[in-house]
Every structure is written in structure tokens, then in C-alpha cells.
2 protein chains.
Amino acid sequence: MRIGELSKATGVPVPTIKYYLREGLLPAGELSSPNQASYGDAHARRLRLIRALIELAQVPVATVKEILESLDSDTEPLHEQIGRAHRALTPTRRLSATDEARAAATTQVSELIAARGWSVEADAPALATLVDTVAALRTLGQEGLVAHLDDYADAVERFTRIEIEGVTKNPTRDQLAESVVIGTILGETLIASLRLLAQESISADLWKNR
Amino acid sequence: MRIGELSKATGVPVPTIKYYLREGLLPAGELSSPNQASYGDAHARRLRLIRALIELAQVPVATVKEILESLDSDTEPLHEQIGRAHRALTPTRRLSATDEARAAATTQVSELIAARGWSVEADAPALATLVDTVAALRTLGQEGLVAHLDDYADAVERFTRIEIEGVTKNPTRDQLAESVVIGTILGETLIASLRLLAQESISADLWKNR
DNA sequence: CGCTTATGGATACTGATACTATCCATCACA
DNA sequence: TGTGATGGATAGTATCAGTATCCATAAGCG
């Protein structure tokens, strides 16, 4: 495949493909002469993955790059690969909550994790986000929602179980890693849109008339 | 409160507050003289909400504005307000999936909605995203995940139930609307970080050794 | 063989977003 | 009375995600 055909096959404009090549999201094609390269099926698949992450899941280009790098390092233990992807996915927190709100939230979150028996490291990136979110919800007067944190965790565990099931039948380790990462990221988009639909439906039922 | 005190109270820099005022995210303070305004507690709360949406939930400024406008229009039926917020929250899709993949995804999604008895309008913004996501997952060879769509929907309904419960005890309609919107948006951040934690824990258990 | 088109690679430009910075003519208040 | 903050306006900045342009070369067609 030449670049034009790759573009046609995926619907991604040639200049954009060139941009991804420049940024190292997409590996270079095989050069047959100084200005002629050929791309294979792997390129097309990779490109489709890139677009899904960027368009659908709104993952920034730099983050996509990190994620792909972690996917490509198949010497690394799977758990490490996933951790890297998680880290790339979690924006470094900008503190904003007051200290007391954070303290209360930290306690609640630690208790939740202990109660669930989750084994997460203290510096897990998602931990800070969770604490900040709980603190924010409290600060915004939404303790009604925070009170159900445990129920949220219940439902979330359900997702995780679904995903494990949908993913562990992958034959090779590379495919497994890819599935986990795709599942993590596009799964979020999936859940978000399902949630919006469910809400719309409920809202229509409950509040048709004010 | 003068603007400096508002800044101190919320941790938001003065120039940023001025920017939000310019953009119409924050209503102007009460002018006592041409260059002296006073801000109340409502401003502080509003500002904290703005920051939570922008920092934590990564909602674009323009979208925050739309959402706040819908919150402030308390003549509108609640269901309409929520619909407006949903629309603001859903980026207008740029099509990318192939026609056949979209067709298959559309069928699967319609069946899901019918089976669940959800009442969603055909032009619901989240519907397009869901279809695109399902199509993308298929295209990326993740039919293992798509096969469990129904289980995802199950878990999602669980969230919705939790939220309804945590939210309907709000006394006034305005507070109810605010809770729903905050719950929708920060709830997503909450779910996302919980999911990452649950995954990390599972991944540690299952794949410690490659 | 010649001509049009496509290509790889490099560099420059663009539009959107979210702030920051600067100015200035007031005002508050010590 | 003068030092610092304020409201309002305008301008500047950094980052991001592409687009556009150039050029020398290569491919495919007639």
C-alpha cells in the first residue's frame, strides 16, 4: 500500500497520516527508494486504532503515543503495560480542593479500597482523581451522591468482571494487552454514552411534566 | 466580597475570574460604582462548580457555559434542561466507521434499547456516539467486548438507579436540576477513576507474572 | 521517452482553546 | 494623599491538532 491507498482505506487524509508519522504514532513504511514507502495491513489497523482513540475517546495525540509505546513493548510484564497506559490516561492533578475536604475524601476512599480488598498502590494516578472528585462533590453540596460511593464501586466491579471475561479468551499476550487497553479506553466512551441514554430515558419517565 | 477575596476563597486567580466573567460563565458582581463590584456566596459556589467541571471533568469552557445557561433557565421543564446539558456534553460526531460497520452497530444498539424498554429519541446525541463506539470496537477486532453490551447496560442502569436515589431527595427543583447535572458530569469522572482502580487491582491479581 | 501525478521529508502556517498580561481611569482606605 | 486594588478593554501567549507548501524524486501512463 502506498500512502494514498492507506488514506483511502482508512478515511484519514494524507497530511494527517504524515503528521502521525512525524509524531511517531505510526511506524514508518518500508522504504523501497528514498521517496517511496509501502505500508501494510498492520499500518491500517494501527491507524484505525489511533483514530478511534482520538476521535471517539478524545485522547490527546501525545497520550496516544505513550499508550502505543507501552503496547509495543512486549518485553514488559502485562501489569506494567497496563499501568503505563493508566498513567498516560490520567492527567496530572492540579490541586484545587481545600485541605479539609481532601482529608475527608482521602479517608472515605481509603476505607472503600480497604473494604473492597482492592490492591492498589498508594501512588496510583487514578487515586488522586478519585479523591479530588469525591472532595469536589462534597464541596458542591452533593453528599447525596457521595453517600453511594460503595454502590458505584459495586457497579464498577461489574464492568471489570465483564471486561475480564470478554478479554481473557485472547490467544496471545499481545492481543490480550491490546484488548485490555482498547477496552479500558473505548469502554469508557461506551459506558458514558450508555449512561446518557439511560438517563435520558429515566428523565423522560420521571420528569415529563416539570 | 471583592474580586480579590473571591479569588482567595476559591483559589482561582483573579485574571481567570475576569476571564470567566468576560465569557459569561460567571454573572457580574453588583456594581456599587463604575469600578467596584461585590460578589456574593452564590458567585463562590458557581465558581467552584465551574472549576470542578473544567479541571476535574475536562469540560471545555464553551460547554460549561451552555450547561450553566441551561441550569439557570428555571422556566424550562427539567427534562428539557437535562437534554440541553446532554447535547452540550456530546461532541458532534465526525463519522469515520465504514457503512457496513455502522449498519451492524445501529441494529445492535436499536435492539438493546428496545429490549431494555428505554425511551430515547432517535436523534439523541449519545446514540450516535454509542453506535460509533460499537462499530469501532468491532472494526478493531474486539467483538469479545461488544458481545457483552447487554451486561454493560445492566451495570449502567445500576448507576442510574443510584443517582436517582441520591438526587431525588433534593427539596427544590433548581437544586434537583443542579444535582442531576453535577451527577452526570462528575459522576463520569468518579466512575472512570473507580474503574481504573478496579482494573489495576484485578490486573495485579491476574497478571503479576506476565 | 516524456509528462502528469504521487510520494517522502522538511518546514511553515493555521485556527481553536484557555488563559495571562498590560493599560488605564477610577476607587477604597490607611 | 498616596498606595494598592478594581472593572473593563485589548493584546499577547502556549499548546494542540492538524493543514499547507516546497522540493527533488519516482511511478504509471500513453
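Mentor: Helices (H or I, at least four residues) and strands (E, at least two) are DSSP runs, numbered from the N terminus. This is a predicted model, in which local features need pLDDT of at least 70 and side-chain atom pairs count only at pLDDT 80 or more, while totals for chains, interfaces and linings use all residues. Residues are numbered from 1 along each chain as its sequence is written, and chains are lettered from A and ligands numbered from 1 in the order in which they are written.

Trainee: Which element gives the largest share of the surface near DNA strand D?

Mentor: A residue is near a strand if its C-beta atom, placed from the backbone, lies within 6 Å of it. Here α2(A) gives the largest share, 3 residues. In total 24 residues surround DNA strand D, and the closest are P60(A), V61(A), I3(B), G4(B) and A37(B).

Trainee: How many residues of each class does that surface have?

Mentor: Ala, Val, Leu, Ile, Met, Phe, Trp, Tyr, Cys and Pro count as nonpolar, Asp, Glu, Lys and Arg as charged, and the others, Gly among them, as polar. The surface near DNA strand D has 13 nonpolar, 9 polar and 2 charged residues.

Trainee: At what angle do the axes of α4(A) and α5 of chain A cross?

Mentor: Two packed helices are described by the angle between their axes and the distance between the axes. Axes are lines fitted to C-alpha atoms, for helices over the stretch in contact, and angles run from 0 to 180 degrees between N-to-C directions. The axes of α4(A) and α5 (residues 78-89) of chain A cross at roughly 175° and come within 9 Å. Angles over 145 degrees count as roughly antiparallel, so α4(A) and α5(A) are roughly antiparallel to each other.

Trainee: How many residues of chain A are in contact with chain B?

Mentor: Two residues are in contact if their C-beta atoms, placed from the backbone, lie within 7 Å. By that rule 79 residues of chain A are in contact with 78 residues of chain B. On the side of chain A that touches chain B, α10(A) supplies the largest share, 25 residues.

Note on methods:
Angles under 35 degrees count as roughly parallel, over 145 as roughly antiparallel, 65 to 115 as roughly perpendicular and the rest as oblique.
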